[in-house]
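Please look through the structure below with its sequence alongside. The text after it goes from the relation between the chains to their contact, and then to local features.

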Protein chains: 2
Amino acid sequence: MLQRPPAEPGMREEEVDTPALILDLDAFEANLDAMAAFLAPTGAKLRAHAKTHKSPVVALQQMRRGAVGQCVQKVAEAEALAWGGVPDILVSNEVVSPRKLARLLALSAISKVALCADDAAGVALIEQAAEAAGQRATVLVEIDVGAGRCGVAPGPEAVALASRIAASPHLIFGGLQAYHGSAQHIRSPEGRAAAIEAAIGHTRRSVEQLRQQGLACAIVGGAGTGTFPHEAASGVYNEVQAGSYAFMDADYAANEQAPPFRHALFVLAQVMSAPRQGFAVLDAGHKAAPTDSGFPKVWQRPGLRYAGASDEHGNLLAEDGPAPKLGEKLRLVPGHCDPTIDRYDWFVGVRNGRVECLWPITARGAMQ
Amino acid sequence: MLQRPPAEPGMREEEVDTPALILDLDAFEANLDAMAAFLAPTGAKLRAHAKTHKSPVVALQQMRRGAVGQCVQKVAEAEALAWGGVPDILVSNEVVSPRKLARLLALSAISKVALCADDAAGVALIEQAAEAAGQRATVLVEIDVGAGRCGVAPGPEAVALASRIAASPHLIFGGLQAYHGSAQHIRSPEGRAAAIEAAIGHTRRSVEQLRQQGLACAIVGGAGTGTFPHEAASGVYNEVQAGSYAFMDADYAANEQAPPFRHALFVLAQVMSAPRQGFAVLDAGHKAAPTDSGFPKVWQRPGLRYAGASDEHGNLLAEDGPAPKLGEKLRLVPGHCDPTIDRYDWFVGVRNGRVECLWPITARGAMQ
């Protein structure tokens with residue numbers, strides 16, 4: 001069952017029912033504009049990551065500002081975007097289920113789609129699905145540029161897998177997926193720069209070795225909100241895949257980072273119990289604001305700290321000054337925007353204290 | 001958008017699309033039967049907690065085995081249950097939003113409803129909503145019996161708030177809510193027994209002081225899967241509110257516990273990448289199996305350990321023996337059943353290796 005919208009356009013923010021996902025439209029639009037302005041003079045385009053926003057409404061606003069397409073991690077996310085009008089989608093991930101591959105290829109009628117592989121057995125599955133669908137599927141080779149997760153080794157292994165793809169009458173070699181996930185959260189700019197310098201080196205050598213075999217990379221993609229200036233300036237990457245930049249969260253805010261993005265995403269929560277001095281309980285626990293990257297921060301209320309989460313309760317300590325009163329509503333900055341957005345069915349867009357719009361989070365829960 | 005069911009009845013489990021929420025029906029039914037058999041000779045009835053299962057289908061199976069009703073934490077959960085045929089629902093939590101109170105009271109036409117309060121200001125809000133709805137609302141007083149979260153102090157404070165409720169022409173005093181949440185996860189039986197002994201003492205004294213004021217407690221409720229034998233044997237509690245017992249999870253399994261319940265809930269995940277020896281990547285990260293109570297455990301595959309989660313990837317280490325192969329499907333025991341169930345739209349009921357049924361998780365995401 002879909003959850004009903006927690007607000008209606010025209011309401012004041014303090015009338016919005018809680019917990020709700022608030023999108024500060026001024027900050028959100030400023031973030032989209034800042035990314036577009038930053039990338040314009042570089043050699044890289046934005047292919048924003050929809051695993052963060054889960055919404056074709058957001059995707060199309062990114063594309064109106066120059067993004068060439070969207071990334072997703074899941075076929076069900078690709079479906080939600082394609083059905084919502086997004087014309088170019090890369091599954092920046094491996095897909096090894098025949099049922100999922102058939103679903104992805106079925107989207108080709110309305111959207112350009114591509115996906116990644118890091119294994120010859122996976123390539124064979126894509127090949128079979130493409131043959132069955134009567135299509136040529138575009139496949140990128142994922143290389144491991146330091147994250148230690150998916151991906152073949154850069155260099156000869158990547159060339160071998162790309163050659164396997166290019167040799168198939170049912171497949172098109174689409175380029176390289178070269179994302180360094182763990183580098184996004186290194187706190188110091190120097191640490192991130194060093195990690196990405198190595199990733200760029202692996203990617204550059206792989207592109208060159210592929211070129212020597214006559215294999216051109218239409219897409220060389222990677223990068224996230226923590227590192228994209230490096231990949232964009234590399235001359236090697238032509239697409240960056242940032243997602244969190246549009247919203248920001250407490251984890252990314254802990255990076256020392258340029259260009260600066262603004263907090264645009266908040267969980268609005270209400271004080272449902274104020275049982276003793278210096279302590280209050282919010283109606284937003286870890287189901288409302290997941291804690292995989294730490295607790296949320298209380299927005300613009302110095303002295304208040306979100307200090308504990310259970311399923312449906314958030315413990316608030318007033319460490320300096322009075323605790324908020326029963327019924328008061330507060331904004332929280334989520335610890336991690338991606339899983340937080342994925343808990344809600346609606347963005348509540350707010351400007352100047354008023355609800356301006358409601359946007360459905362169409363790919364909420366799209367894990368398959 | 002609802003997610004499509006990942007299976008159809010009759011499929012073999014290994015054909016189920018991933019990630020999916022598997023319910024082992026034999027284990028699930030054994031757990032429901034074990035709780036019913038355990039409680040029958042005690043003075044306590046089960047009012048199972050639906051914040052765990054989020055499904056009227058599960059609720060009605062509990063009630064067919066003797067449960068007197070259901071608990072919820074949220075009004076939106078109460079709606080999902082009432083609309084699904086559950087006739088008796090307690091919001092075991094405070095509700096301070098007039099909009100939510102009106103929604104809850106609107107359910108009275110089809111279901112008995114009650115809720116908790118821990119503040120005179122909150123009672124006044126319920127009173128106004130009841131008057132506006134032309135109803136008498138049943139209100140329990142929540143007392144803090146050691147968890148340090150919501151609730152007034154046991155004893156005189158509880159009596160004062162109960163008297164305030166009983167004096168209102170729009171309200172009915174319904175009893176005490178006396179849940180000790182943090183005691184559920186104390187690992188040793190002795191530690192849990194000691195914590196609950198104190199909680200029972202607070203509750204017993206409060207019930208007695210209320211009785212002296214002519215205030216009878218129709219419900220004295222509390223307890224969870226970790227402690228319910230104590231509350232059930234206390235002679236004071238007449239309702240226990242366990243939820244996780246039906247499913248179990250890795251966190252509750254770490255308790256030394258009797259009666260034993262079986263693991264009935266699993267996340268089925270697929271190996272989507274096997275890039276190097278001793279390591280594989282599953283298609284289930286912390287969006288598919290939240291990590292607030294630790295990583296999931298790999299089910300019946302000794303030597304395999306789930307060692308890291310990102311949004312959509314789970315890192316699997318083969319510490320003894322070979323790593324699973326690309327495309328292989330594994331069951332994971334979630335770290336914490338409540339937030340895990342809340343990520344899915346469907347239970348996939350499995351018996352003897354075959355999908356027997358699909359049950360909608362109607363209150364998925366019901367946070368308001």
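The paragraphs that follow treat symmetry, interface, fold and backbone in turn.

This is a predicted model. As background, two copies of a chain are related by a rotation about an axis and a shift along it.

How many residues does the contact take from chain A and from chain B? Chain A gives 71 residues, and chain B gives 71 residues. The size of an interface is often given as the accessible area lost when the parts come together. For chain A and chain B the area buried between them is about 5,900 Å², with 47% of it on carbon and sulfur atoms. Within the area that chain A buries against chain B, 13% is supplied by A:Met1, A:Arg149 and A:Met367, more than by any other three residues.

Polar pairing also runs across this interface. Between chain A and chain B, 38 residue pairs are in polar contact, counting pairs with both residues at pLDDT 80 or more. Several elements of chain A each supply at least two residues to the side that touches chain B, including helix H4 (75–83), strand E4 (88–94), helix H5 (98–106) and helix H6 (120–133). Strand E10 (265–276), strand E11 (279–282) and helix H11 (337–341) of chain A also belong to that list. The largest share, seven residues, comes from E10(A). Sorted by class, the side of chain A that touches chain B has 25 nonpolar, 20 polar and 26 charged residues.

Side chains of opposite charge can pair when their charged atoms come close. The interface of chain A and chain B holds 16 salt bridges. One of them joins B:Lys100 to A:Asp17, with the closest N and O atoms 2.8 Å apart. Over all chains, the structure holds 59 salt bridges. Inside chain A, the side chains of A:Arg331 and A:Asp24 form a salt bridge at 3.9 Å, N to O. That pair links distant parts of the chain, 307 residues apart, with A:Arg331 in strand E15 (residues 329–333) and A:Asp24 in strand E1 of chain A.

The fold can be followed in chain B. Eight of its strands close into a barrel in the order E2-E3-E4-E5-E6-E7-E8-E9, with parallel pairing. Which strand does strand E2 of chain B join through two bridges? Strand E2 (residues 45–49) of chain B runs parallel to strand E9 (residues 239–240) of chain B and is joined to it by two bridges. B:Lys45 stands opposite B:Glu239 in E9(B).

The backbone has a few features to check. Most residues other than glycine have a negative phi, and most peptide bonds are trans. A cis peptide bond joins A:Thr18 to A:Pro19, with omega about -10 degrees, and A:Pro19 lies in the segment before strand E1 (20–24) of chain A. In chain B, a cis peptide bond joins B:Thr18 to B:Pro19, again with omega about -10 degrees, and B:Pro19 is in the segment before strand E1 (20–24) of chain B. A:Lys54, a residue other than glycine, has a positive phi near 60 degrees. A:Lys54 sits in the loop between helix H2 (50–53) and helix H3 (56–64) of chain A.

Note on methods:
Residues numbered from 1 in each chain as written. Chains lettered and ligands numbered in written order. Predicted model: local features only at pLDDT ≥ 70, side-chain atom pairs only at ≥ 80, totals over all residues. Heavy atoms only, no water. Contact = heavy atoms within 4.5 Å. Buried area = accessible area lost by both parts, 1.4 Å probe. Salt bridge = Lys/Arg side-chain N within 4 Å of Asp/Glu carboxyl O. Polar contact = N/O pair within 3.5 Å; in protein donor to acceptor, adjacent residues only side chain to side chain. Helix = DSSP H or I, 4+ residues; strand = E, 2+ residues; numbered from the N terminus. Nonpolar A, V, L, I, M, F, W, Y, C, P; charged D, E, K, R; others polar. Pairing = 2+ DSSP bridges.
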